[in-house]
Amino acid sequence: MTLLLFLLACGDEDPAENAEGDADTDADTDADTDADTDADTDADPETGFEWDGAWYPLGDGSMFCQTANGLYTFSGGALREGGGAQGNGYAYFAEVPAEGSYPVVALAEVSAGAAAVGVADFQTGAELWFSNGVSGSVTVSDHDGELWVSWGATELQLNAGTDTASTAQGHMRCTP
């Protein structure tokens, strides 16, 4: 009898049928398309950058923006595929960027209408790669005061060298 009263009081619904797809309970600030009503503050799965055929996932607390060496710089550091060697991604602007699209130029040519991209690769020492202006664009969008920066396929050149490689994509965000 006690068991019957317990079942009636708790209902007969299967809790798994009403479970939400994600189990978090924080504020939803990502651009996902699920219909959850909780607030999800974990990092968007797409924040990160691709380099040397691997993904470097950037989570909350690993992306920054600041003025450094006269350029407004977005930076983020992550481990290769989430567990390998360190890599850092960068997007450089002449000042805090406005929303829009910016052609990618060489680092020394960054101006109000153009941006640069860079990668620091620590797989076998420390290699610095910077855009050479051959390809790429950077897009900036404002999401309630948080700037999102994305780039597509961009050719980079090894610092003080002639070797080139491409970063296929990158996505960072921060609040100026």
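**A hairpin, a sheet, a disulfide and an aromatic cluster**

In the hairpin of β1 and β2, two residues lie between the strands, and D52 takes a positive phi near 50°. Strands here are DSSP runs of E with at least two residues, helices are runs of H or I with at least four, and both are numbered from the N terminus. This is a predicted model, in which local features need pLDDT of at least 70, side-chain atom pairs count only at pLDDT 80 or more, and totals for chains, interfaces and linings use all residues. Residues are numbered from 1 along each chain as its sequence is written, and side-chain values use heavy atoms, with hydrogens and water left out.

Strand β1 (residues 48-51) runs antiparallel to β2, and four bridges join them. Two strands pair if DSSP finds at least two bridges between them. G48 has P57 as its bridge partner in β2. Strand β2 (residues 54-57) has two faces: A54 and Y56 are on the covered one, while W55 and P57 are on the uncovered one.

Next, confidence. pLDDT is the predictor's confidence in each residue, from 0 to 100. Its mean over the protein chain is 81, and 74% of the residues reach 70 or more.

Strands of a sheet pair through backbone hydrogen bonds, either parallel or antiparallel. Seven strands form an open sheet in the order β3-β4-β5-β7-β8-β11-β12, with antiparallel pairing. Strands β3 and β12 (164-167) are at the edges, and each pairs on one side only. From one strand to the next, the twist averages 25°. Axes for such angles are lines fitted to C-alpha atoms, for helices over the stretch in contact, and angles run from 0 to 180 degrees between N-to-C directions. Inside this order, strand β8 (residues 127-131) and strand β11 (residues 154-158) run antiparallel and are joined by three bridges. S131 has L156 as its bridge partner in β11.

How many disulfides does a search of the whole structure find? It finds one. A disulfide is a pair of cysteine sulfur atoms within 2.5 Å. Here C65 is joined to C174, with S to S at 2.0 Å. The pair links distant parts of the chain, 109 residues apart: C65 is in strand β3 (residues 63-68) and C174 in strand β13 (residues 170-174). The torsion about their S-S bond is about 130°, so the disulfide is right-handed. Both C65 and C174 are buried. Buried means under 20% relative accessible area, exposed over 50%, and partly exposed in between (1.4 Å probe, protein chains only).

Last, the aromatics. A search of the whole structure finds seven aromatic pairs. Rings of Phe, Tyr and Trp (its six-membered ring) pair if their centres lie within 6.5 Å; planes under 30 degrees apart count as stacked, over 60 as edge-to-face and the rest as tilted. Y72 and F74 have ring centres 5.7 Å apart and planes at 80°, so this pair is edge-to-face. Y72 is buried, at 6% relative accessibility. F74 is buried too, at 1%. The rings of F74 and F93 are also edge-to-face, with centres 5.7 Å apart and planes at 75°. This pair links distant parts of the chain, 19 residues apart, with F74 in strand β4 (residues 71-79) and F93 in strand β5 (residues 86-93). F93 counts as buried, at 1% relative accessibility. Together, Y72, F74, F93 and Y102 form one aromatic cluster.
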